[in-house]
Amino acid sequence: MLPAAVTMEELQDVQDYLHFQHASKLADLAALNASSAPNGTHRRPGSGRALFDRIRNSNVYRLVQSFGITADAFAQNALKEGRRRYTEDPASHPEDLADQEDIMDPPEYSTGTQCLKAAKAMFAEEIALSPKMRKVMRAAFYQDGVIDCFRTEKGLRRIDEHHPYYSFKYLRNQQLTEFSDQPDLFLRMIRAEEEGLIEIKVRMQNEESFKKRLYTEIESDNYSEVAEAWNRERREVLNMALLKLDRMMARGVKENLKNECEDQVAKRCREEFGRRLDQAPYKPKGMIL
């Protein structure tokens, strides 16, 4: 996994994945290090990670495995990496399987509804934290991402036809690549957002078609009432994961675009400054140098 990570974002993906998969071990290691160090402090793991760690170590995780495909296998399908991994359907409906005694884990998961809800949340989190799935989403955002500007109530009052921000007050469907020729435009948009005049939103242009393609990578190919019931649950899990990934990717793309635009503006300033300095020395009239 580490050799495949070549950018800071991908390294962060691996770190997030390791913290998710091995939360309890890392917490024990941190506690051991804190206790052995003088005046050491121990930082408790987040409640979200602790919740998923409990699900992973409970009977409910059998229900997660019953989805018939792992998050990593699904991500490999979406990434078109290697041979296709096929999804297997259990013999029982999701609700019937969740109601079985060997799935329930009282008192926290004492009903089938609670078990199924927890299993879906766990599977969605596994997909959202898969480094391969994040790679798929990141590539899709950079390829089909667009930017929309929405003026705020404050912006409605302040930005008129003579305002310097008027040119992007109603900007829609701006391709990310278009900012490479006008990096100063995006930086002015960032400044306007910081002033509370607009809101910048990054989204995927062909999100529905992208989502439908991913559905085919997680669904089973079987034709039965049970298979359709499980495919509905799989689509719902994927929607939950994509909602998390959308927010994460939009935030990352926006930050990276800001950094790239700042670098481009700085480069242009440096080149222009160098051009103005690259002149022959001043020669007063009548003076021989």
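Helices (H or I, at least four residues) and strands (E, at least two) are DSSP runs, numbered from the N terminus. The structure is a predicted model, in which local features need pLDDT of at least 70 and side-chain atom pairs count only at pLDDT 80 or more, while totals for chains, interfaces and linings use all residues. Residues are numbered from 1 along each chain as its sequence is written, and side-chain values use heavy atoms, leaving out hydrogens and water.

Lysine 244 lies in helix 12, and glutamate 125 in helix 7 (residues 112–128). Their side chains are joined by a polar contact of 2.3 Å; the term denotes a pair of N or O atoms within 3.5 Å, where within protein one must be able to donate a hydrogen and the other to accept it, and residues adjacent in sequence count only if both atoms are side-chain atoms. Glutamate 125 is buried at 9% relative accessibility, whereas lysine 244 is partly exposed at 31%. Buried means under 20% relative accessible area, exposed over 50% and partly exposed in between (1.4 Å probe, protein chains only). The C-alpha atoms of lysine 244 and alanine 128 are separated by 6.7 Å, although these residues are 116 apart along the chain.

Two helix pairs are listed below. Axes are lines fitted to C-alpha atoms, for helices over the stretch in contact, and angles run from 0 to 180 degrees between N-to-C directions.

| Helix pair | Angle | Axis distance |
|---|---|---|
| Helix 10 (residues 183–194) and helix 12 (residues 225–277) | about 125 degrees | 8 Å |
| Helix 8 (residues 131–144) and helix 11 (residues 207–218) | about 155 degrees | 12 Å |

The angle makes helix 10 oblique to helix 12, while helix 8 and helix 11 are roughly antiparallel. Angles under 35 degrees count as roughly parallel, over 145 as roughly antiparallel, 65 to 115 as roughly perpendicular and the rest as oblique.

Some backbone features lie in loops. Most residues other than glycine have a negative phi, and most peptide bonds are trans. Lysine 80, not a glycine, has a positive phi of about 60 degrees; this residue is in the loop between helix 5 (71–79) and helix 6 and is exposed, with a relative accessible area of 58%. Asparagine 173 also has a positive phi, near 55 degrees. Asparagine 173 sits in the loop between helix 9 (153–158) and strand 2 (174–175) and is partly exposed at 40%. A cis peptide bond, with omega about 5 degrees, joins proline 106 and proline 107, and proline 107 belongs to the loop between helix 6 (94–98) and helix 7.
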